[in-house]
Structure formats: C-alpha cells, structure tokens
Amino acid sequence: MRRRGGISGFPKRDESVYDAFNVGHSGTSIAAAAAFAEAQCLKGEHKKAIAVIGDGSMTTGMAFEGLNWSGDRDKELIIILNDNEMSISPNVGAMSSYLNRIMTGDRVTKFKGELKHFLRSIPGIGEQIFKISRQIEESVKTFVVPGALFEELGFTYVGPLEGHRLDYLIKNFENVKKLEGPVLVHVITQKGRGYKFAEDNSPTYHGVAPFDVETGQTIPSVSMAPSYTEIFGKTLIDLAASDSRIVAVTAAMCEGTGLDEFRKKYPERLYDVGIAEQLAVTFAAGLSIEGLLPVVAIYSTFLQRAYDQILHDVCLQKLPVIFAVDRAGIVGEDGATHQGLFDFSYLRNLPNLVMMAPKDENELGHMLKTAVACGSPVSVRYPRGKGVGVPLDEELSVLPIGRGEVLQEGTDLAIIAVGCTVHPALAAGRKLAAEGFGVKVINARFIKPLDAELILAAAASTHKIMTIEENVLAGGFGSAVLELLAREGMTSVMVRRLGIGDEFVEHATQAELRSLHGLDEEGILRAAKEMLEQSC
Ligand SMILES: Cc1ncc(C[n+]2csc(CCOP(=O)(O)OP(=O)(O)O)c2C)c(N)n1
C-alpha cells in the first residue's frame, strides 16, 4: 500500500468495486452520495446511497452545502457521521460543539432540570404547571432533543450510537435501512481505538510512515536536517516575536504545517478554522484589512480549494497576506490526490501576487522574512520532507524582489531551476563543468516577478535554456520563461522545460517519482547533455 505499483492509501474506484468514489480531499462524500441518490431515483432504481463523513470533514463548506441541498430533496440518502471529536487534532467549530453536546446529553439533561426547577418555584400554580411540563418539554423539543438541528434540516436523526459495539451498530443499521428519505446516523467512535499508542496520541498516528507495532516508533529518517515545515514554524515564531501584527491561520493542519509550537507560544495569535481552506483565505483577507499580517499555512494541494478566495478577496484587494504553501511539488506516498504540482500554475496568473520558492531550508527563512516585508500578497512554496542539510544563517535578510542568483557561470547552456530542483541542478551543473562544459546555473528564487534581466542575459549568452520545476509544465515556471522570451522576441533560443507533463502523478516515494520524471540529478544531467549535444 502507498508504494510504487501497489494500491493507493485512499479509496480509488479503479482498484475496487467497493470504492464508490475517489477521495483524498475532505468533505466530498455528501455531495457524491447525494448525486448517487438523485441519479438512482431518475433511473428508477430503488437503492440507497450512503455517505460516510467524519466530524472533522463536517467543518468543510462542501459538507454544509451538501446537507443544505440534500436535506430538502427527500431522496434515499443516508449520511453516517463518524464522530470521534477529532479532525487530525481536536476538532473545532460550533458544529463540533453541538455534536459534543448531543453526545454528552448535557444540554438536554440540564435544560430539563432547569425547567422543572423553574416551574415548581412558581408560587401557587407551579405544581399544576409542572404536571403539564411534559407537554411544554414537547413544545420546545426542537431545541433540546439530540440531533434537532439535523431534523430541522430535513433528516431523520438516528443516534448517538456507540460505534465500537458492532452487534448494536449492525442492528441499528438494519433499522435505518427501513427508513425513507434522508437519514443522518450519528456514530460515536474513538480515534485510534484498539491500538494504545494511537489512542494516546491520535494526531501522530492519523497518518504514519512504517512503524514498529510493538513500540509504536516510526523508523527514524537518516537525514539529520530539519524539515522545511520545522524551519517554517520556527522562523515564524522568531518573526512574530518582533512583529505583533503577525498571526497564523491554519485549516485544521496545525501540526502538519508546523504551527503547533507557534500555537503554544501565541495561542491567541493562531486561528484554526477547521477543514475550511476557503474560509481561511477570506478570513485572512479580513485580518489583513484590520492591520494584522496573516500567514496562511496550507498544503499546496488543499489550497486549490481556495483559488477564488485568493483571487477575489486577497489579490484583487492587494492585501498583504502571506501564503505558506507547504507540501508543494512531489509529495510521494500520498499519491495523486495530494501531489502539490499545480500551485505555480494556479497562482502565477493572479495579478499583484509575488511568488517565491526557496532552494533549501536556509533560503526559506530569508524568504519568510522577505514575505513579511513585502507589503503585497505573497506566496512561499516549499516541499515536503527534510531540508538539504545546509547551515542556517543566524540573521535573516530581506531578498530583493524579483531577483534570482547565479550559482555557476557558463556560456554553453543556462539551467534555470526553481525551488527544490536547484540543488540537483547545481550538482548536475558541477559535473558538466568538470567534464568541460560551460553550464550556467541560476536559482530563480522568484516565479513572479521573474528576474527578466538575468534570464534574458543568460538566453543571449548561451542560446540554450533549460528550466526545471516540480510543477506541471502547463502554466508553470518554464512557461513563464517561455512567455518572457516570446515577449522579447527571443524565439530562436532553444528551450527545454523539465517538470511534470499532462498527467496525474501516482504514489511512490519522492525519490522514485523524481527519478521517474527526470527531476533528480541524473535526469537533469541526462537532459542537459542532450541539449549540449544539439546544435542551435
Ligand atoms: C481539503 C482538505 N484539507 C485538509 C485535509 C487534511 N486532512 C486529512 S484527514 C483530516 C481530518 C479528518 O477528520 P475527520 O473527517 O473527522 O476524519 P477522522 O480522521 O477523524 O476519521 C484532515 C484535516 C484534507 N484531506 N483535505
């Protein structure tokens, strides 16, 4: 599972007839199942469609949209809400609190107690009224019975059910099958149930690399370098210490994006809005208007959900919001649903946005400092996993916007790399230099604005340009370079772009995928040699 050629870690229709819908991004099940129910009705089939959704995923806009739509349609839809009170970390929001009240029965018990006490305390007529209090209770039922909210939205509410008693659960599901119209079954479970280490620390065990079952220990990585995520989290704490405007926004990914230490240090300056990337971005726009400097940390793949909010609410208003785009590029084992291979393309077309990608963990710190000083919408995208292992500068400096850096000189070929492809490009460039080729290696640093001066000069001196990026080629960094050359009429320059073609990238290790797509040192070397051998 999750290995090259093996099965995916997520449900996938072409792997099993029991996988009804491909998933990976949270909160899609109600929409898909509502559609199945509608289609079956239209086709005259009498089947039921079942959506299973976690309480964390119920915080997504899509889930609310799905409830709103399907509650009013009277179709054969069953929603099973798996409520463990946890997203990856503890769940947030009013819906979560509501579910919690249902589960504990707090509100019902408290309300009944208060009502009886109040009625009995009315002098003279209290006892009499108390006798009819059951009727009164009935009249206010909609406010206090479990699941009243769902009932009001058009669902028959069943629950809360104990999710770890299978016999009881099956009996209840048999009955649920007999109900007509939309039904919501509320099942209570415990995250990590049955494996002590996961019960005690469920956020860590939500998604794990291979680990020793006896000790619960994951196999330690061979690299001692900090991860990009760690550097982001640490740098943000340092920057926030001297800039009280800085606040952090996460969409239910506090640990994943490295903000857990920030939350400990500045709990009132961190907003976890739930699995609601769209809310996170527009919320950040609002914070920015109020004079704060929001840093929205979201994985590249999940930020896709908030494209319109980035465009309409941030870029259009030219608001200084910082997007920390984590897990950008090839992510590896999580596979096609989670690869961060589109952000260059979906962000590069937005006016007012400055876009950076560091070559290593040290440069990430400088770029975050630069983003804070930038004064416009800005994104910094960095990959999943460990850094390169370079020394970290004590002092962070503000980089000049739109300026790249030349790492090696040469006039036979110019390799312009961006982000994590820079170090393998440099290694390949050094090997070629040792073989006598004059290869110029440029770290682009900025996807937008491009360092036009540097790129045009490199094109003029070498006539051969190779761009490298961990992004789809369509609309990516190499495309930006091509557009620049076309705009300047330098169409005779030979250009080769390395990146991801027009395909989805499946699961395998990051190293395997980089090799497969020719984005590691060897692949770059191979492609560069081919270019060097070609005559212009
Ligand atoms: C759009 C989106 N944002 C973030 C994530 C990352 N993520 C994966 S699972 C998860 C928590 C899901 O919680 P819940 O739905 O309650 O399911 P549970 O794991 O508790 O069963 C999150 C935030 C995602 N998959 N999709």
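**Exercise 1.** How many residues of the shell around the ligand are nonpolar, how many polar and how many charged?

*Solution.* Before counting, note that this is a predicted model, in which local features need pLDDT of at least 70 and side-chain atom pairs count only at pLDDT 80 or more, while totals for chains, interfaces and linings use all residues. Residues are numbered from 1 along each chain as its sequence is written. The classes are set as follows: Ala, Val, Leu, Ile, Met, Phe, Trp, Tyr, Cys and Pro count as nonpolar, Asp, Glu, Lys and Arg as charged, and the others, Gly among them, as polar. Sorted in this way, the shell around the ligand holds seven nonpolar, nine polar and four charged residues. A residue belongs to the surroundings if its C-beta atom, placed from the backbone, lies within 6 Å of the molecule. Of the 20 residues around the ligand, those that come nearest are Ser 26, Gly 54, Gly 56, Ser 57 and Ala 252. At least three residues of the shell come from each of domain 1 (29–188) and domain 2 (228–381), with domain bounds taken from an automatic or database domain assignment.

**Exercise 2.** Describe how domain 2 and domain 3 meet.

*Solution.* Begin with the division of the protein chain, which gives domain 1 (29–188), domain 2 (228–381) and domain 3 (405–533). The centres of domain 2 and domain 3, taken over C-alpha atoms, are separated by 26 Å. Next, count the contacts, where two residues are in contact if their C-beta atoms, placed from the backbone, lie within 7 Å; 22 residues of domain 2 are in contact with 29 residues of domain 3. On the side of domain 2 that touches domain 3, α17 (343–348) and β9 (354–356) each supply at least two residues, helices (H or I, at least four residues) and strands (E, at least two) being DSSP runs numbered from the N terminus. By class, that side of domain 2 has eleven nonpolar, five polar and six charged residues.

**Exercise 3.** Why do the buried residues of α2 lie on the same side of the helix?

*Solution.* In helix α2 (residues 61–70) the buried residues are Met 62, Ala 63, Gly 66, Leu 67 and Ser 70. They lie on the same side of α2 because they cover an arc of only 135° around the axis, the arc being that of the directions from the helix axis to the C-beta atoms. An α-helix has 3.6 residues a turn, so residues three or four places apart point the same way. The elements that cover the buried residues of α2 include α1 (29–42), β1 (49–54) and β2 (77–83).

Methods
Buried ≥ 20, exposed ≤ 12 C-beta atoms within 10 Å, placed from the backbone.
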